[in-house]
Amino acid sequence: MSFWKNKKVLITGHTGFKGSWLTLILSNLGAKIYGYALNPISKPNMFDGLGLKKFLQKDYRLDILDSKKIKSVIDRHKPEIVFHLAAQSSVLVSYKSPKGTIATNVLGTINLLDSLKNNRYAKSLVITTTDKVYLNLEKNKSFKEDDSLGGYDIYSGSKAACEVVVHSYKKSFFQNGKCNIATVRSGNCIGGGDWTKDRIVKDCAESFLNERKLIIRYPNATRPWQHVMEPLFGYIKLSEKLYKNKKYEGSWNFGPNRKSNLKVIQVAKFGKNFLNSKSKIIIKKNKFYESTFLSLNSNKSLKYLKWKTKLSAERALRLTFEWYKYYKLNKNVTKIIELTRKQINDYLIKINK
């Protein structure tokens with residue numbers, strides 16, 4: 001916590017699901033946080049719904065595609081550490097809006113890099129991509145950081161392209177060591193407050209708490225489920241290392257071990273039982289492609305950062321469904337924030353044992 005006390009931190013995409021949790025975590029650690037993002041798409045949403053603006057020094061609602069605005073914000077506040085989370089993060093939306101997805105995920109990242117390349121203050125930049133950046137040939141393997149990049153769908157392709165662009169910018173403009181850069185890849189993150197469309201755990205919570213039928217795609221698709229706190233604390237630890245040492249640059253996986261890989265149907269059945277629901281689970285085939293198996297090899301993070309997941313898939317699901325249940329039964333914003341911060345503090349205790 002001494003490292004983060006009064007550190008000036010910029011979070012792009014702070015109004016999203018991960019951005020909201022990162023805001024609360026860093027505020028707990030004593031950082032001075034600046035946010036840059038569009039208004040949340042989902043209704044309800046965690047950031048505005050819980051009034052998380054009060055944890056920021058400044059809340060900018062601007063587009064990452066506006067190169068002048070992002071540069072102006074960086075020049076004005078001179079952040080020491082930057083977390084780049086702003087993105088179009090839905091596979092299904094990428095099929096409907098391919099150009100928009102590529103623009104946000106690739107050009108938006110370029111705008112941020114361009115704004116930082118001559119900046120004298122930022123020392124650490126963590127750029128989030130996804131576990132879907134890898135060339136997935138459905139061979140049931142766990143991907144390592146040096147495996148081939150690919151992307152069957154537009155979202156995955158845009159994030160793979162983002163990885164290439166970051167590497168090129170780093171080699172071309174960031175060799176002076178002033179700002180060290182890393183890209184981070186994590187699996188399917190779950191947790192309270194995610195109201196993003198087409199998120200299976202959120203759909204489970206809404207359906208089962210309201211006794212509505214649940215429609216799922218690809219019931220046998222396997223995903224590396226992990227609570228959102230797990231990779232975020234990995235990003236935070238990596239950003240500390242980057243702040244002081246260039247050797248931590250590059251790409252990093254933050255995924256759970258394969259024991260946390262569950263099929264979608266298993267997650268749905270767990271939620272139904274946990275929330276004691278009588279809702280029916282309906283399987284409806286999706287016309288768009290989605291990978292069947294995804295898993296990350298995070299040995300690099302374990303070896304060099306001493307990072308590993310602390311929560312089992314079942315525990316992560318319990319924390320998530322408990323949050324949604326509490327939210328439905330108790331609309332007091334202060335108490336919901338207290339519950340969220342309690343989950344964060346309990347996790348801090350777990351990782352510091």
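## Aromatic rings that meet

Searching this whole structure, a predicted model, turns up 17 aromatic pairs. One of them joins Trp195 and Trp323, and this pair is edge-to-face. It links distant parts of the chain: Trp195 is in the loop between β7 (189-190) and α7 (200-209), while Trp323 belongs to helix α11 (residues 313-329), 128 residues apart. Are these two residues, Trp195 and Trp323, buried or exposed? Both are buried.

Next, take Tyr235 and Phe254. Why does this pair count as edge-to-face? The ring planes sit at 75°, and over 60 degrees is what edge-to-face calls for, so the pair gets that name. Tyr235 is part of helix α8 (residues 229-244) and Phe254 is part of strand β11 (residues 250-254), so their pairing ties together parts 19 residues apart in sequence. What about burial? Tyr235 has a relative accessible area of 0%, so it is buried. Phe254 also counts as buried, because its relative accessibility is 0%.

Here are the two pairs with their values:

| Pair | Centre to centre | Angle between planes |
|---|---|---|
| Trp195 and Trp323 | 5.8 Å | 65° |
| Tyr235 and Phe254 | 5.6 Å | 75° |

Rings can also join up in a cluster: Phe3, Trp4, Phe83 and Tyr243 are linked this way by ring pairs. Tyr243 has a charged neighbour too, with Lys7 lying over its face at 5.1 Å from the ring centre. Elsewhere, Lys117 has its charged end over the ring of Phe173, 4.5 Å from the centre of that ring.

Terms used: Residues are numbered from 1 along each chain as its sequence is written. This is a predicted model: local features need pLDDT of at least 70, side-chain atom pairs count only at pLDDT 80 or more; totals for chains, interfaces and linings use all residues. Side-chain values use heavy atoms; hydrogens and water are left out. Rings of Phe, Tyr and Trp (its six-membered ring) pair if their centres lie within 6.5 Å; planes under 30 degrees apart count as stacked, over 60 as edge-to-face and the rest as tilted. Helices (H or I, at least four residues) and strands (E, at least two) are DSSP runs, numbered from the N terminus. Buried means under 20% relative accessible area, exposed over 50%, partly exposed in between (1.4 Å probe, protein chains only). A charge sits over a ring if NZ of Lys or CZ of Arg is within 6 Å of the ring centre and within 35 degrees of the ring normal.
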